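Thanks for making the time this morning.

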There are 2 protein chains.
Amino acid sequence: MLTIAIDAAGGDFAPAAVLLGASACLSRIIQLKQKSDVSFQFFGNPEIIQPFLDNDPLLKKYSKIVEAYLDIQPSMSLSDVVRKGPHTTLGKAILAVVNKTADAVVSSGSTGPFMALSKIYMKTYNGIDRPAIPVVLPTLKGKCLMLDMGANIDCTSKMLCQFARMGNIYAKAVLKIENPRIGILNIGSEETKGKSYLHEAAKVLFDDSTINYIGFVEGTDIFTGSVDVIVTDGFTGNVTLKTAEGTAQFINGLLKQALSNSFLGKLGYLLARNSLKKVYKTIDKKMYNGAPFLGLKGIAVKSHGASDAIAFSYALDAAIEMVRSQIPSLIEEQLLLEA
Amino acid sequence: MLTIAIDAAGGDFAPAAVLLGASACLSRIIQLKQKSDVSFQFFGNPEIIQPFLDNDPLLKKYSKIVEAYLDIQPSMSLSDVVRKGPHTTLGKAILAVVNKTADAVVSSGSTGPFMALSKIYMKTYNGIDRPAIPVVLPTLKGKCLMLDMGANIDCTSKMLCQFARMGNIYAKAVLKIENPRIGILNIGSEETKGKSYLHEAAKVLFDDSTINYIGFVEGTDIFTGSVDVIVTDGFTGNVTLKTAEGTAQFINGLLKQALSNSFLGKLGYLLARNSLKKVYKTIDKKMYNGAPFLGLKGIAVKSHGASDAIAFSYALDAAIEMVRSQIPSLIEEQLLLEA
């Protein structure tokens with residue numbers, strides 16, 4: 001049995017989205033396997049969580065509540081978070097992984113506190129300065145991985161090289177890509193363009209025989225399927241991801257306006273509805289929710305703060321996949337090989 | 001008569017795209033006004049340019065060729081470009097504006113040389129450290145302006161404040177927005193998120209009563225119409241723009257795949273074709289070609305290197321609009337007011 005520790009108080013729609021999300025995740029597992037090989041530990045106030053479980057006998061069967069009464073508030077400073085950490089719903093859930101009573105922790109709480117407590121309790125592997133957040137994105141030919149998506153605002157060339165190596169392992173294990181093509185995000189593919197620390201990282205990756213480095217890539221390359229792992233700093237990664245989200249919403253909005261403005265547009269929409277649904281499904285960000293902090297000696301998966309139940313259920317899927325593919329130990333092995 | 005100096009050798013498809021683009025621009029003017037109040041000066045090899053003009057009597061009527069035989073090659077270093085500048089097609093075209101024989105210069109040549117020579121020959125206004133490249137983007141409610149799009153890879157908070165002020169003037173004059181809402185692109189709307197130089201710039205803009213500063217904005221806000229001027233450094237701006245382009249191409253690709261995969265999809269596409277065309281037109285990047293270097297004491301408009309004739313004709317439109325709205329003198333006036 002595989003156990004997921006869940007911060008029941010994290011996120012804008014906790015605890016409802018969290019509990020309903022776990023229920024949706026469990027239903028999918030049971031549909032596939034009849035019996036679940038996954039169980040949940042909810043960290044939070046039992047008085048709030050218990051009624052939900054009483055209403056959902058199946059979820060109740062595979063769940064346990066661990067008492068924790070202190071929620072992390074947005075107003076808390078990081079030093080506050082660190083001091084009070086062991087008493088918080090999030091801190092206790094992370095410690096469950098450290099103490100091996102759970103295999104992974106999932107939270108929709110803020111990135112800062114989640115990242116800080118995970119790093120302190122779980123620690124990073126030797127050779128990794130800071131964990132990175134990857135995201136899996138759809139492309140015209142399949143999927144690609146991009147990291148860091150916001151854990152590290154300022155990066156060094158050394159950190160980018162570490163991200164590239166971790167991304168390489170993750171893309172092999174989770175996306176099942178044999179020899180991932182790795183690129184660094186820049187403002188041009190020419191060697192002389194962009195920032196100098198990108199040039200330094202490019203030089204190191206170019207000389208690294210364990211990695212299939214293909215050079216600089218641009219924003220226009222992200223979705224074409226011409227690169228498998230896109231390496232960038234957390235600031236650029238975060239802006240890029242949100243810009244892609246915004247563009248997709250924008251085109252969605254334009255399509256809706258255009259197709260509802262004329263009779264032929266409406267008729268065309270009705271006929272093409274199923275085809276359009278496939279498109280929306282591909283670009284639905286909920287599908288890509290659940291990003292691990294790569295580089296930690298344990299599995300911590302960040303779910304989007306505004307996650308609803310469906311989005312949270314995908315974050316749980318991501319955590320389960322991480323446990324099954326044993327990503328942290330793969331990263332450790334690779335780091336030992338290269339040391 | 002308003003005169004545009006054109007670098008006939010700049011860009012991937014020069015001189016054909018350049019000459020055909022001028023022809024397209026001229027046709028639009030004549031359609032509106034019967035007689036053109038715009039003329040063109042082509043800087044390049046007359047032996048190449050003359051045959052084009054001989055084939056296009058209307059364009060010939062409004063055009064002049066200025067001899068220049070040295071093209072700027074991608075292999076040339078920036079110091080090379082600066083040394084040979086006055087003999088190049090680009091350099092001569094820029095100098096025509098400085099010497100007041102033309103009102104604006106347009107080139108599809110590389111940003112680096114164009115920016116360098118423009119800055120040396122035209123100079124920036126007092127109070128502007130470096131010119132910035134803005135881009136006009138479509139939104140669900142109209143248009144917005146974003147800058148810098150790649151002229152300045154590394155920026156200071158002071159530069160961002162200058163960009164905000166120039167963007168404010170440009171949005172008023174060109175986009176006809178009365179009191180433009182100005183935001184700084186960041187990874188979260190909370191004051192504490194992101195890079196510290198963004199916080200410094202935010203503080204200055206917040207205290208600036210001449211500007212309607214609304215705070216940090218995110219990638220998801222670009223296309224919603226909730227902000228009119230988005231301020232960012234040239235690296236992030238360039239990556240953001242290319243990501244939006246890539247996302248639009250991606251969704252286009254998905255739609256095409258989806259709509260051609262089934263009979264109903266195809267039929268729906270046929271019926272909704274006109275509506276879909278409106279969407280494509282809105283997101284067609286050709287429409288947004290032509291970005292001035294804001295902050296120079298003259299008008300220099302950069303056209304995309306891969307511009308075809310249609311795209312180049314829009315860059316000419318942008319230059320003509322810049323001349324008509326007298327953006328540089330508006331920027332100068334505002335700077336003098338604030339000095």
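I will begin with one serine, move on to a pair of helices, and end with the interface between two chains.

Please keep in mind throughout that this is a predicted model. The serine is B:Ser107, which sits in strand β4 of chain B, a strand covering residues 104-107. Is B:Ser107 buried or exposed? Its relative accessibility is 0%, and because the cut-off for buried is under 20%, B:Ser107 counts as buried. Its side chain has a polar contact, at 2.8 Å, with the side chain of B:Asp7. Leaving aside residues up to four places away in sequence, B:Ser107 also touches others, among them B:Gly10, B:Val301, B:Lys302 and B:Ser303, as well as B:Leu90 and B:Phe114.

The axes of α5, residues 89-98, and α6, residues 111-122, come within 10 Å and cross at roughly 35°, and the crossing is right-handed.

Turning finally to the two chains, 49 residues of chain A are in contact with 49 residues of chain B. Between them the chains bury about 4,400 Å², with 77% of that on carbon and sulfur atoms. In chain A, the residues that lose the most area to chain B are A:Ile187, A:Phe235 and A:Phe250, which together make up 15% of what that side buries.

Note on methods. Residues numbered from 1 in each chain as written. Chains lettered and ligands numbered in written order. Predicted model: local features only at pLDDT ≥ 70, side-chain atom pairs only at ≥ 80, totals over all residues. Heavy atoms only, no water. Helix = DSSP H or I, 4+ residues; strand = E, 2+ residues; numbered from the N terminus. Buried < 20%, exposed > 50% of the residue type's maximum accessible area, 1.4 Å probe, protein only. Polar contact = N/O pair within 3.5 Å; in protein donor to acceptor, adjacent residues only side chain to side chain. Contact = heavy atoms within 4.5 Å. Axes fitted to C-alpha atoms, helices over the stretch in contact; angles between N-to-C directions. Left-handed = near helix turned anticlockwise from the far one by under 90°. Buried area = accessible area lost by both parts, 1.4 Å probe.
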